[in-house]
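Work through these exercises with the sequence and the model open. Each task is followed by a stepwise solution.

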Amino acid sequence: MTAQPAHSSRWFLPGRAAVFRRTLAGSSYQLVAMAVVVGAGAGFAAVGFRWLITAATLFFSGTTDYSAAPGGSAHPWVPWLGGAFVVLAPAAGGLLYGPLVKRFAPEARGHGVPEVMYAVSQHGGRIKGRVAVVKALASAICIGSGGSVGREGPIVQIGSALGSWLAQTLRLPESRVRTLVACGAAGGIAATFNAPIAGVFFALELLLADFAAGAFGAVVLASVTASIIGRTFLGNQAFLQLPAFSVSSGVEYPLFILLGLLAAVTGIGFTRILYKIEDLCDWAWRGPEWLRPVAGGLLLGSLLLVLPQMYGVGYPVLQAGVAGSYAVGFLLLLLVGKIVATSLTIGIGGSGGVFAPSLFIGAMLGAAFGEVAGFLDPALHGQVGAFALVGMGAVFAGAARAPITAVIIMFELTGEYSIILPLMLAIVVASGVSKALSRDTIYTLKLRRRGIDLERHPGTELLRSMNVGAIMDTGLQPLPSDMAVTEGARRLLAEGHLALPVTDREGLLKGIVTVHSLSEVLSNDEDAERILLSDAAEMPATVLPGASLESVLDTLLDSSASAGTPVTDDDGILRGWLDQTSVLRILSGPGATGSTFPGK
């Protein structure tokens, strides 16, 4: 075989990429350079995606936003159909994006963010590069043909796929892949919504639960880069153009707390209905998967014929609701209609996000709440907008449980700072109530339904299946409560324990004593000889022998004595001792639980 000249590979791209990779590998500039590249790519992708949606909407409806057109407007290409063309538009769109998604990237179906969360948590951030292209086309066609979904989910998945593809091409380590995925997501949000700060916190709060300072800096840099590109092509105005609002009195704050409660329930309801309708669609459809958006599109189109305000993202309708243009009854109709339309769009196999619909639903809820409040108290008349803006952030927080992102994104989307205090209050209430009422968010529920628990760590199944009684130490001798502190200290030191339980003659736990607590008593009290352990013992949190190891981890980690936690029965009688070392041995391997634990 003839040897190739040294210069023959000069323009061989994989070789050039390898040189580039070796040059940057391990340097402090690598992450900075990659963050800028990914941010720029996400920024241009966001601009292109916005244009794709506009072009698709113009093609399928004859307008740039049919939700803002007068009800019953006809398509200029088929004027003889009148407003009835909306029945066929979603089906026609489904005929295009259905086969596209089925053939090239099934993960592009749905609202996108859960797939990115799963890739970051379980697959080291690895996402197929073609997902970006398929997601952009499918979502633009879906939204343009009437799908009542948002564009933040698609742009998060598009930007994340770009970041993952670049990182994998350069063979970067998993930690860098995850970071660049977050950079792509942040850049997409920043550019499409003109919200650079919200883009950062969206990526960090929802995608990177644990992140280092370097990752934070890279995500910020990507978000800034993408935002500059977005502002260059899309303008520098706040995404929602709304009149100024204010809160005139502190008396209104209890109303915002109540609105936060209602928003939490609404957000959870939206989540549950979304997946119930998806289940119903799965049950009802028996044909080829690629044809499902076509058949379902006819059903969605029938809804759009009755309520054309549900066509597409619907931001003009949202702005009109916030401005107080609708009556209470119609606001509630729009709220319910958006929940059903979005759920149906996702259920039939559509592609689009749920962030924008949650804002829409929150705006209708808040505006209706403000109208009722103004009716009951004339002093609140004209404050509909303030309640609507707060409702937007609170419903998103109730559905996604991302309070930091909710606060910042509402500020950046509206440019309205005057209601930041009630906004923060309602969002915190909504997030707290949502967590109390529901285990999952609108994003994580999709994964849990597939058997994927993002909070599950290695060893979780083992900890769930084993109870405390199986590994607790039953050979630890407690100290009698009527023993003097000085003698107790000698026993503690002689046995080499950091802590020991204290019981009475019947075995009832009176508390625990630690080396630290007894040393304080001995050094501060001259009559320590006369003090009994029952007076020096501190009553800790206890666990039951039948409790699972997973359920007691927080108690064990939060115990006042790092040496362990007492195990008692329902009557308070000491049955054993559980320490962190025992749990670690369980996690270290199947053979580590032999005779080491006396209670087994």
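**Exercise 1.** How many residues line the largest cavity, and which lie nearest its centre?

*Solution.* This is a predicted model.
Step 1. Count the cavities: there are four of 30 Å³ or more.
Step 2. Take the largest cavity; its volume is about 50 Å³.
Step 3. List its lining. The total is 13 residues, and I268, T271, S438, D440 and T441 are nearest the centre.

**Exercise 2.** Find which elements give two or more residues to the lining of the largest cavity, then sort the lining by class.

*Solution.* 
Step 1. Two elements qualify: α10 (253-284) and α15.
Step 2. α10 supplies the largest one, with four residues.
Step 3. Sort by class. The lining holds six polar, four nonpolar and three charged residues.

**Exercise 3.** Describe how α15 packs on α16.

*Solution.* Two numbers describe a pair of packed helices: the angle between the axes and the distance between them.
Step 1. Locate the helices: α15 spans residues 384-400 and α16 spans residues 403-414.
Step 2. Read the geometry. The angle is about 145 degrees, and the axes lie 9 Å apart.
Step 3. Assign the hand: the crossing of α15 past α16 is right-handed.
Step 4. Name the contact residues, using heavy atoms within 4.5 Å. From α15 come L389, M392, G393, F396 and A397; from α16 come T405, A406, M410 and T414.
Step 5. Classify them. The α15 contact with α16 has six nonpolar and three polar residues, and no charged ones.

Key: Residues numbered from 1 in each chain as written. Predicted model: local features only at pLDDT ≥ 70, side-chain atom pairs only at ≥ 80, totals over all residues. Heavy atoms only, no water. Axes fitted to C-alpha atoms, helices over the stretch in contact; angles between N-to-C directions. Left-handed = near helix turned anticlockwise from the far one by under 90°. Nonpolar A, V, L, I, M, F, W, Y, C, P; charged D, E, K, R; others polar. 1 Å grid on protein atoms, 1.4 Å probe; cavity = no way out; pocket = protein on both sides within 12 Å on 5 of 7 lines; lining within 4 Å. Points joined across faces, edges and corners; volume = space filled by probe spheres on them.
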